[in-house]
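Hi,

Here's the structure I promised to pass on. Have a look at it first, and then read on for what turned up.

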Amino acid sequence: QVQLVESGGGLAQAGGSLRLSCVASGMIFRLDAMGWYRQVSGKQRELVATITRGDSTNYADSVKGRFTISRDNVKNTVYLQMNSLKLEDTAVYYCNADLIQGGKPGIYNYWGQGTQVTVSS
């Protein structure tokens, strides 16, 4: 069984910073693309940032220049450094990963359980 577990969410003031982490565990042969998405209650989940195994990154326009995604392939971990936080960054943040499981052919997509980020004025 594969699990993605996020941490690092919480309360921050506008202009402040938070760092999210997501650790993938279980029978993982290889992690491919990983990413962060966010969802506000009543709205669709939206992409925040993605990173390939080769460290190519992609960001939503709303977070460019403020958020940085990175990964550690040894630790099976993806990070999201969030700086200059805005009120509109308040959401539940979800980790996502494409991976190859040990003993199972094909690429599978997994989601974490989500971590709440609340930005206050």
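Before we start, one term: two strands count as paired if DSSP finds at least two bridges between them. By that rule E7 and E8 are a pair, joined in the antiparallel sense over six bridges. Keep in mind that this is a predicted model.

**The sheet**

Those two strands belong to an open sheet of four strands, in the order E1-E3-E8-E7, and the pairing is antiparallel. Which strands sit at the edges? They are E1 (3-7) and E7 (67-72), and each of these pairs on one side only. From one strand to the next, the twist averages 15°.

On the E1 side, the neighbour is E3 (residues 18-25); the two run antiparallel and are joined by five bridges. If you'd like a place to start looking, find Gln-3, which stands opposite Ser-25 in E3.

**A closer look at Thr-77**

Thr-77 is part of strand E8 (residues 77-82), and it is the bridge partner of Asp-72. Is Thr-77 buried or exposed? Its relative accessibility is 5%, so it counts as buried, given that the cut-off for buried is under 20%. The side chain of Thr-77 reaches the backbone oxygen of Lys-75 at 2.9 Å. Leaving aside neighbours within four places in sequence, Thr-77 also touches Cys-22, Val-23, Ser-70, Arg-71 and Asp-72.

**The aromatic cluster**

Now for the rings. How many aromatic pairs does the structure hold? There are two.

One is Tyr-37 with Trp-111: the ring centres are 5.0 Å apart and the planes are at 65°, so the pair is edge-to-face. These residues come from distant parts of the chain, with Tyr-37 in strand E4 (residues 28-39) and Trp-111 in strand E10 (residues 108-111), 74 residues apart.

The other pair is Tyr-94 with Trp-111. Here the centres are 6.5 Å apart and the planes are at 85°, so this pair is edge-to-face too. It also links distant parts of the chain: Tyr-94 is in strand E9 (residues 91-101), and 17 residues separate it from Trp-111 in E10.

Trp-111 turns up in both pairs, and the ring pairs link Tyr-37, Tyr-94 and Trp-111 into a cluster. How open are these rings? Tyr-94 has a relative accessible area of 14%, so it is buried, whereas Trp-111, at 37% relative accessibility, counts as partly exposed.

The charged end of Arg-45 sits over the ring of Tyr-94, 3.6 Å from its centre. That charged end also sits over the ring of Trp-111, 4.6 Å from the centre of that ring.

Cheers

Technical notes:
Residues are numbered from 1 along each chain as its sequence is written. This is a predicted model: local features need pLDDT of at least 70, side-chain atom pairs count only at pLDDT 80 or more; totals for chains, interfaces and linings use all residues. Side-chain values use heavy atoms; hydrogens and water are left out. Axes are lines fitted to C-alpha atoms, for helices over the stretch in contact, and angles run from 0 to 180 degrees between N-to-C directions. Rings of Phe, Tyr and Trp (its six-membered ring) pair if their centres lie within 6.5 Å; planes under 30 degrees apart count as stacked, over 60 as edge-to-face and the rest as tilted. Buried means under 20% relative accessible area, exposed over 50%, partly exposed in between (1.4 Å probe, protein chains only). A charge sits over a ring if NZ of Lys or CZ of Arg is within 6 Å of the ring centre and within 35 degrees of the ring normal. A polar contact is a pair of N or O atoms within 3.5 Å; within protein, one must be able to donate a hydrogen and the other to accept it, and residues adjacent in sequence count only if both atoms are side-chain atoms. Contact means heavy atoms within 4.5 Å.
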